[in-house]
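Have the model open as you read.

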Amino acid sequence: MLASAGILAITMGARQSLGLFVAPISDRSGLDIVSISFALAVGQFMWGLSQPIFGAVADKRGSFGVIVLGALLLFAGLAFAPFAKSGWGLVLTLGILTAAGAGAGSFSILIGATLRQLPLEKRAFAGGFINAGGSFGQFIFAPLAQALISGFGIIVSMVSLASTALLTIPMALKLRGKPAPPAAAEPETGLWRQIMDSTRNHSYICLHLGFFTCGFHIAFLVTHLPGEVALCGHSAAVSAMSISIIGLANIAGSLFAGHLGSRMKMKYILAALYASRALMIAVYLVSPKTPLTFYVFAAFLGFTWLATVPPTAGLVGKLFGTKYLATLFGLTLLSHQIGGFLGAWLGGLFMAHDGNYLWMWYLDIALASFAALINLPIRENSI
């Protein structure tokens with residue numbers, strides 16, 4: 001668990017800090033917010049698309065080679081991004097290389113490699129622990145990236161982030177070896193048959209729809225929260241602190257969600273998390289936009305930020321077992337990142353059209369309410 005949490009801390013920390021680079025990239029390249037938002041939106045989609053692909057390889061061959069490849073891709077994408085002079089250059093570096101590299105060292109591969117080694121009653125907590133590692137990375141990387149941007153500029157900052165990606169390679173040594181065989185209770189089903197069966201499962205579809213909304217929220221905020229803060233007249237330091245607080249709060253949220261997952265039905269945990277987001281965004285909209293408001297909003301929202309991951313992964317394991325968990329959870333994350341693509345891209349379009357994000361906040365509330373309801377019909381049963 002420790003190695004998986006450490007790898008996720010680096011890949012998530014670097015990826016979730018990219019919103020801090022929107023203004024510096026615009027200043028350096030002259031690109032507008034729509035072009036930059038589109039590149040980051042492609043990255044949201046690519047991060048999701050890469051996970052079922054890399055997850056299938058990890059399910060068959062093991063996780064070590066996948067994580068090493070991801071480290072090299074993440075390094076290349078971040079290192080070359082400051083030198084991109086066009087929107088398509090950003091799509092290649094941040095949208096494809098960086099996102100695919102982060103996806104190869106992300107939830108589906110790491111949680112899949114860990115959870116299949118554990119009994120059912122310990123999987124929810126393990127998922128929460130690994131997820132907390134990613135949140136810790138966000139807590140560390142956001143203020144570090146902003147300090148490097150302020151002190152040394154965008155090139156030094158992004159190359160420094162790129163270098164940290166290589167640290168995941170020695171950590172991945174702990175995950176060497178081929179996957180363990182599935183438990184005797186799990187059916188001997190081929191990968192493609194399992195994928196086809198899952199697409200006809202009503203509960204799995206509901207899980208996808210809820211997770212789509214989660215991706216929409218997170219991508220919008222991680223990309224455009226610095227812009228929202230700037231609109232309210234505050235400095236980039238407030239943005240970095242807010243993103244860091246989100247990560248810190250999500251450590252507690254992830255561990256708490258993992259703890260609850262072994263004691264109550266996971267679909268109710270997910271419904272409560274999504275409903276609370278709708279409420280928190282509504283409260284934020286009617287509050288004075290002071291730095292303290294952003295910090296409090298970040299803390300409450302951060303508690304639910306990626307706390308949805310442990311119960312979602314746990315439900316996939318309950319529905320289908322762990323034999324192809326990396327692949328099936330990877331497909332769920334693809335739904336998450338389709339939502340992420342729209343959250344990042346539409347945020348830029350609304351900002352360019354209206355000069356603010358107000359309609360995005362309204363859309364966030366509506367989708368969060370929908371996600372809370374769509375999780376309730378899930379039939380939570382083990383294979």
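## Buried spots and helix packing

Ser17 has a relative accessible area of 0%, so Ser17 is buried (buried means under 20% relative accessible area, exposed over 50% and partly exposed in between, with a 1.4 Å probe and protein chains only). Before going on, a word on the ground rules: this is a predicted model, where local features need pLDDT of at least 70, side-chain atom pairs count only at pLDDT 80 or more, and totals for chains, interfaces and linings use all residues. Residues are numbered from 1 along each chain as its sequence is written, and side-chain values use heavy atoms, with hydrogens and water left out.

Back to Ser17, which sits in the loop between α1 and α2 (helices are DSSP runs of H or I with at least four residues, strands are E runs of at least two, and both are numbered from the N terminus). A polar atom of the Ser17 side chain lies 2.7 Å from the backbone oxygen of Gly13 (a polar contact is a pair of N or O atoms within 3.5 Å; within protein, one must be able to donate a hydrogen and the other to accept it, and residues adjacent in sequence count only if both atoms are side-chain atoms). Leaving out residues up to four places away in sequence, Ser17 touches Phe141, Ala142 and Ala145 (contact means heavy atoms within 4.5 Å).

Gly19 is found in that loop between α1 and α2 (22-29) too. Gly19 counts as buried, at 4% relative accessibility. Not counting residues up to four places away in sequence, Gly19 touches Val222, Thr223 and Pro226. The C-alpha atoms of Gly19 and Ser239 are separated by 9.2 Å, although the two are 220 residues apart along the chain.

Thr11 belongs to helix α1 (residues 2-16). At 4% relative accessibility, Thr11 counts as buried. What does the side chain of Thr11 reach? The backbone oxygen of Gly105, at 2.8 Å. Setting aside residues up to four places away in sequence, Thr11 touches Leu74, Ala102, Gly105 and Thr168. Thr98 is 87 residues from Thr11 along the chain, with 9.4 Å between their C-alpha atoms.

On the α4 side, Ala71, Leu74, Phe75, Leu78 and Ala79 meet Met158, Val159, Leu161, Ala162, Ser163 and Ala165 of α8.

Now for α13 (residues 266-285), where Lys267 is found. Is Lys267 buried or exposed? Buried, with a relative accessible area of 9%. Its contacts, not counting residues up to four places away in sequence, are Leu315, Asn375, Leu376, Ile378 and Glu380.

The axes of α13 and helix α17 (residues 358-374) come within 7 Å and cross at roughly 155°. That makes α13 roughly antiparallel to α17. Residues that meet here include Tyr274 and Arg277 in α13, and Trp361 and Asp364 in α17.

Leu315, one of the residues Lys267 touches, falls within the range of helix α15 (residues 309-320), which packs against helix α16 (residues 325-354) at about 130° with axes 10 Å apart. The two helices are therefore oblique to each other. Val309, Thr312, Ala313, Val316, Gly317 and Phe320 in α15 meet Leu325, Leu328, Phe329 and Thr332 in α16.

| α4 with α8 | 10 residues | one residue | no residues |

Definitions and conventions. Axes fitted to C-alpha atoms, helices over the stretch in contact; angles between N-to-C directions. Parallel < 35°, antiparallel > 145°, perpendicular 65-115°, else oblique. Nonpolar A, V, L, I, M, F, W, Y, C, P; charged D, E, K, R; others polar.
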